[in-house]
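Reader: I would like a close look at one part of this protein, the pockets and what surrounds them. Please take me through it step by step.

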Amino acid sequence: MHDVKSLREDPDGFDRALARRGVAPQAAQLLEIDAARRAKISAAETAQAERNAASKAVGKAKASGDEAEFDRLRALVGAKKDEIAELEAAAKAEDEALHAALAALPNAPLDDVPDGADEEDNVELRRWGTPPDFDFDPLEHHELTANMTAGPGALGVMDFERAAKLSGARFAVLTGAVARLHRAIATFMLDTHTQQNGLTEVWTPTIVKSEALFGTGNLPKFADDLFRVDEDRWLIPTAEVTLTNLCAGEILDETSLPRRYTAWTACYRSEAGSAGRDVSGMLRQH
């Protein structure tokens with residue numbers, strides 16, 4: 001999330017960075033909220049100081065027998081208490097509004113990131129391997145299932161119709177060889193990362209609190225692409241969410257770093273914004 005201090009120091013630079021992401025200027029509006037928040041905090045601190053001074057004076061007025069002054073100061077202490085509570089509540093509301101506004105904005109791109117309207121403006125930095133050149137017309141993965149079975153009388157190895165019967169669109173039932181391949185690829189990935197690359201395998205929950213999704217940038221922007229379980233729990237869209245948050249909020253001993261984790265989990269995505277191309281077969285599944 002953006003640092004409000006950086007925004008105060010360079011509002012024009014803040015807006016220029018957002019403009020590269022196609023976002024309208026936001027600095028003036030954000031600084032207005034920030035100024036209101038800081039004013040409320042300052043007023044609450046002033047009221048607190050006045051209340052403290054009045055509280056000290058109450059005893060002196062009582063001791064001197066000045067009942068009128070005693071009553072005035074006691075009433076002032078009570079009034080200041082209410083004033084402080086109102087100012088602190090207002091400051092909290094402004095702070096939440098500022099936090100929500102900053103959290104909804106995209107990160108500023110690095111200087112060397114090329115500007116562009118869509119993927120056609122991407123710049124290729126490097127290429128690995130050589131694309132295969134087939135002497136036949138290759139089929140899409142979901143087209144292979146028409147000629148594949150898991151055995152006599154068995155289900156189709158990649159069955160979208162039965163998956164739709166069970167769960168609706170954008171699901172698949174895998175059977176036989178494809179189900180084994182699916183499991184084997186996951187095992188291959190885990191073995192490669194743990195035995196060759198030194199990562200630690202982790203098994204994590206697939207339901208997380210909102211805080212975890214906020215920490216990985218999924219909330220608030222991609223809420224529509226997530227499946228919500230209840231008010232504060234969601235199904236994870238990727239194991240990145242749980243792995244990234246494993247040590248969130250902790251102070252780690254430097255000697256224990258780096259910590260490198262890997263996991264294989266079920267992942268759930270509503271893919272609310274996906275339509276048209278790149279959605280056939282097992283692509284863009286829920």
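Author: This is a predicted model. By class, the residues that line the largest pocket are 16 nonpolar, 7 polar and 3 charged. Together, 26 residues form this lining. His182, Trp264, Thr265, Ala266 and Cys267 are the ones that lie nearest the centre of the largest pocket. The volume of this pocket is about 820 Å³.

Two helices can be named in the lining of the largest pocket: α6, which runs over 176–196, and α8, over 239–244, each supply at least two residues. Of the elements, α6 gives the most to this lining, with 4 residues.

Next comes the second largest pocket, which holds about 370 Å³ of space. Its lining has 16 residues, and those closest to the centre are Ala103, Leu105, Pro106, Asn107 and Gly217. Here the helices that each supply at least two lining residues are α4 (67–103) and α7 (210–215). Sorted by class, the lining of the second largest pocket has 10 nonpolar, 4 polar and 2 charged residues.

Rolling a probe the size of a water molecule over the atoms shows where empty space is left.

Side chains of opposite charge can pair when their charged atoms come close. The structure holds 14 salt bridges. One of them joins the side chains of Glu67 and Lys62, with 3.9 Å from N to O. Glu67 has a relative accessible area of 39% and is therefore partly exposed. Lys62 is also partly exposed, because its relative accessibility is 46%.

Another salt bridge links Arg127 with Glu124, where the closest N and O atoms are 3.0 Å apart. Arg127 counts as exposed because its relative accessibility is 60%, and the cut-off for exposed is over 50%. Glu124, with a relative accessible area of 55%, is exposed as well.

A further salt bridge is formed by Glu231 and Arg228, and the closest N and O atoms are 3.9 Å apart. Glu231 is exposed, at a relative accessible area of 66%, whereas Arg228 is partly exposed, at 47% relative accessibility.

Methods:
Residues numbered from 1 in each chain as written. Predicted model: local features only at pLDDT ≥ 70, side-chain atom pairs only at ≥ 80, totals over all residues. Heavy atoms only, no water. 1 Å grid on protein atoms, 1.4 Å probe; cavity = no way out; pocket = protein on both sides within 12 Å on 5 of 7 lines; lining within 4 Å. Points joined across faces, edges and corners; volume = space filled by probe spheres on them. Nonpolar A, V, L, I, M, F, W, Y, C, P; charged D, E, K, R; others polar. Salt bridge = Lys/Arg side-chain N within 4 Å of Asp/Glu carboxyl O. Buried < 20%, exposed > 50% of the residue type's maximum accessible area, 1.4 Å probe, protein only.
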